Amino acid sequence: MAKLHIRVWHLLLVGLLFTPCLHITGPLVVSAQGEDDEVMGEGESVTMGGGGEEEEEDDMEVEDEEEDDEPVKAPDVGDTAVSDEEDDEGAVEEEEEEEEEEEFAPHPDCQSTILFTNRHTEEFVAGEVVEAVIGLTNTNKEKEFIVTLIEGSFRYPQDFSYFIQNFSVIYYETYIMPETQASFVYSFRPSESFYARPFGLTINVYYKDAEDNDYRDAVFNNTVNIIELEESFDAETFFMYVFMVSGILLLVFIIHYVYTTVRRGGRSAPRKPVETGTQDKDGVDYQWVPDGALPTPKKSPRPSPRPRKGSKK
Amino acid sequence: MVKLGICVLLLALALSTANGCTNPKVKSTTYSTENQYFSGESVFIAQVEVDCNGESISLHALVGGQLLPVSKGITSGSTEHFQVSWTEDHDRSGSREVKFYDDNGASSIRKALRYGEEVTTSPLFSVDIKHKNSSNEMWLSPAFLAMIAGLLVYWLAYMAKCKLQE
Amino acid sequence: MLKVLAFCLVVGLCLPLGHGGANLIASKTILNEHMVEGKDLTIKYSIYNVGTSAAVNVLLEDSSFPEEHFVIEQGLLTTTWDRIQSSSNVSHVVVVLPREAGAYNISWARLTYTSDESKGMTGFTSAPGPVLVLPFAEFSRKYEGHLMEWLAFFTMSAPTILLPFMLWYRSYSKYENMMAKKQH
């Protein structure tokens, strides 16, 4: 009549049974992430001028790290980065982009230059930050420009309207007074999974003038090469090797163990002498019974044998 | 007479320009990144105050086989302030030597560097920047050590208890 | 050893400035990972001449670190260079200490220079923008290794462990001695 006492460990065991239902998904390895870590150059609106002493209080445009996750559709040249994304998204993106590109053009009085400061040539290392300094010069004598934002993106080298990776947009809200220049720092990081391929890199500067006309200047619009990161020590691969070695060793061990037990012909491990206790017909071990109390053969028909005194001890 | 005067004037001019700066009075302060937490790269700054008898000079600095430009700050009286600074990756500890040259010295060094020759001109003065590469993080975190110590104590106690129960 | 910034100049769709003049672009960046009150704040100015001729009498003025909020540890905030050759760059570093914790907005520095054709230009460096300076206690709590705290912890918890241990050890050693003697 044992009642079912539910213990805590019963519940834990039941919980264990449900663990296969847990579905933990890691980050999608393949989808490109528009990362931008070191956002240098935040937004502010400050009046800048050649002789202007005033420094207005800033309406700070807090920088926004917009991460546009764009799907990767790797050109099928036998690349390992394969994704299964729909075509629709790409097509829609294309259309939108084309519309936008038609609208904006640069203003002739605003000239720009760009310089990549931590890469010597146009070769970027996948996964490492690339820093670019963009200089804008306002050659107009009267007009002032307001730089609103700078954005960069990786595109398909053969078709610059197809986006592969979008980098964060950095908002400035910086005035460029007439006949002055301003510099901006834009840094971005090509995703680690892109390497050994050429990409088209486009960096656009969006600015407007006092009459709210919008302009866009493609400060950089060329093909760049992404090269692989030269790793000195990669913990991931190191531990992968450790894991493989240990797996092999485990296999060897199991084989060895099975082999030795099979040889002995026994199914299980060699038997240990099992303690079975003393065995007797009646279940009585007469070793322990003192001699006086032993049932004697019926010699004396005494009805009640008195318990003997003087037991041998 | 006039000719003599002109000669003297020319001589004086020649001397003054050729003299450069032979005996500058130099005061220097240096800085290098000590704590890696506060800088992504190792930074070296050498600031010098030079009094060259009121002369205005421009300096160049030779650091590790490279000629760096030296910026000049405000001039207070006859003392001129100069600064040389550069950044490196967090690699080496040890001091860096900064040698200061004037224009002539700098051009001779440029020539030497271009042809790969050794630099033989002696500097006007030189400054040492001591650098210690240190990071705030310890190699083994104290939390980890504390955990190990705790486990050790527990294990010893457990062994003792088992022995008692035998 | 030093980063040789032999950079590659890429000009976009736009034309270079004027006909062969100097063109300086400059970045002002904060090298700090963490900004803590009373501790070094490292600012790096990099000036690049992307024009075709040298820039002369380059003056860098930075007024974004007022004396009431920052102590200048090392470096000149107002400084000049005689010449910056074309396709070359100059770097300048200043170290300041913020006096108090809080949010600061680090703005641009002004560059004034003359291009070879006696044309004066004014430029502005990039601005790091709003930064947050942490109070030292918060920084120490979050990021520093807490060796002293651990030592204090062990010192304080030692009596509770050592006292019972000493008691046990005393009786244990006596017992061991007894057993040893008995066996002999």
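# Exercises on a predicted three-chain model

The accessible surface of chain B comes to about 10,200 Å², and 58% of this area belongs to carbon and sulfur atoms (Shrake-Rupley method, 1.4 Å probe; for residues, only the protein chains shown count as cover). The model is predicted: local features need pLDDT of at least 70 and side-chain atom pairs count only at pLDDT 80 or more, while totals for chains, interfaces and linings use all residues. Residues are numbered from 1 along each chain as its sequence is written, chains are lettered from A and ligands numbered from 1 in the order in which they are written, and side-chain values use heavy atoms, with hydrogens and water left out.

**Exercise 1.** Describe the secondary structure and burial of chain B.

*Solution.* Step 1: chain B has 3 helices and 8 strands (DSSP runs numbered from the N terminus; helices are H or I of at least four residues, strands E of at least two). Step 2: along the sequence, these elements follow the pattern α-β-β-β-β-β-β-β-α-β-α. Step 3: 35% of the 166 residues of chain B count as buried (under 20% relative accessible area; exposed is over 50%, partly exposed in between; 1.4 Å probe, protein chains only).

**Exercise 2.** Determine the strand order of the open sheet in chain C and explain which strands stand at its edges.

*Solution.* Step 1: the order of the 4 strands is 2-3-7-5, with antiparallel pairing (two strands pair if DSSP finds at least two bridges between them). Step 2: strand 2 (24-30) and strand 5 (70-74) of chain C each have a single partner strand, so one side of each lacks a neighbour in the sheet. Step 3: on average, neighbouring strands of this sheet are turned by 30° against each other, direction ignored (axes are lines fitted to C-alpha atoms, for helices over the stretch in contact; angles run from 0 to 180 degrees between N-to-C directions). Step 4: strand 5 of chain C pairs with strand 7 (residues 89-98) over 4 bridges in the antiparallel sense. C:Val71 stands opposite C:Leu97 in strand 7 of chain C.
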